[in-house]
Amino acid sequence: MKVLLYHQKFDAAPEIAVQRAQRRARRIRKTFWWDTGVLLLITAAAVWLHPYAVQLSQIPMLRCFLPINRSVWEQCKLLCYPAFLVAVPRYLTMGDLQKGILTTYAEGLLRTVPLLIAGLFTLQGIIGTLPFWLESAMLCACGAYLSWYLYRHADHQKHGNLPGMLLLLLLEGALIWFTAYPPDLGLFSA
């Protein structure tokens, strides 16, 4: 039964090893540039947007996308939104080359956001008040971890894009909801 369900089309020419290697090399080259793009966007957000985010968030349109205060939860926006900005075009342009790329992004963000939160709270507990450069360095380190995770796991996804799309939308909704209505917890207060 397995032979009947998982066969190639009869009119298709069999793929030789050289063609398979060329297809894999092309996919790895494209993957490298997309992952580098994630790292560069997160680094640019951490270095250039982070010091001015509180002033820029006074613009009502940017309030959902930039940190409105120096709370740890608001710093997660500088990690998530650059990843969202790369995930959607990557999903649209890569097509069938990478199965479930949005799910890989969602898994990577669900691993990186707690890492950022734990790192910032640990540094804040040790040092006290964190300077901007240390928060930016932590964002860059988490961006490097996310890029490494995406590079290592992008071609090994067993699920489709729907679970990842739902998780990314849920994370997006949580970022917007807790910006508008922050609970009275240390994670959401400056």
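Q: New to this one. In what order do the elements of the chain run from the N terminus on?
A: They go α-α-α-α-α-α-α-α. Keep in mind that this is a predicted model.

Q: OK, and how many helices and strands does the chain have?
A: Eight helices and zero strands.

Q: What does the C-alpha trace span along its principal axes?
A: About 65 × 30 × 30 Å.

Q: Let's pick a helix. How far does α6 reach from its first C-alpha to its last?
A: Helix α6 covers residues 101-127, which is 27 residues, and it reaches 38 Å. That's close to the 39 Å expected at 1.5 Å a residue.

Q: And what follows α6?
A: Gly 128 does, and its phi is positive, near 110°.

Q: Switching to packing: at what angle do α5 and α7 cross?
A: Roughly 35°, with the two axes coming within 10 Å. For reference, α5 is residues 77-94 and α7 is residues 132-153.

Q: Is that crossing left-handed or right-handed?
A: The crossing of α5 and α7 is right-handed.

Q: Which residues meet there?
A: From α5 you get Leu 78, Leu 79 and Ala 83, and they meet Leu 139, Cys 142, Gly 143 and Leu 146 of α7. Sorted by class, that contact has six nonpolar residues, one polar and no charged ones.

Q: Different topic. How many cavities of 30 Å³ or more does the structure hold?
A: One.

Q: What's the volume of the largest cavity?
A: About 40 Å³.

Q: Which residues line it, the largest cavity I mean?
A: The lining is made of His 50, Ala 53, Val 54, Pro 67, Asn 69, Arg 70, Gln 75 and Phe 132.

Q: How does that lining of the largest cavity split by class?
A: Four residues are nonpolar, three are polar and one is charged.

Conventions
Residues are numbered from 1 along each chain as its sequence is written. This is a predicted model: local features need pLDDT of at least 70, side-chain atom pairs count only at pLDDT 80 or more; totals for chains, interfaces and linings use all residues. Side-chain values use heavy atoms; hydrogens and water are left out. On a 1 Å grid over the protein atoms alone, a cavity is a set of points where a 1.4 Å probe fits but cannot get out, and a pocket is an open set with protein on both sides within 12 Å along at least five of seven lines; lining residues have an atom within 4 Å of a point. Grid points are joined across faces, edges and corners, and a volume is the space filled by probe spheres set on the points. Ala, Val, Leu, Ile, Met, Phe, Trp, Tyr, Cys and Pro count as nonpolar, Asp, Glu, Lys and Arg as charged, and the others, Gly among them, as polar. Axes are lines fitted to C-alpha atoms, for helices over the stretch in contact, and angles run from 0 to 180 degrees between N-to-C directions. Helices (H or I, at least four residues) and strands (E, at least two) are DSSP runs, numbered from the N terminus. A crossing is left-handed if the near helix is turned anticlockwise from the far one by less than a right angle, and right-handed if clockwise. Contact means heavy atoms within 4.5 Å. The expected span of a helix is 1.5 Å times one less than its number of residues.
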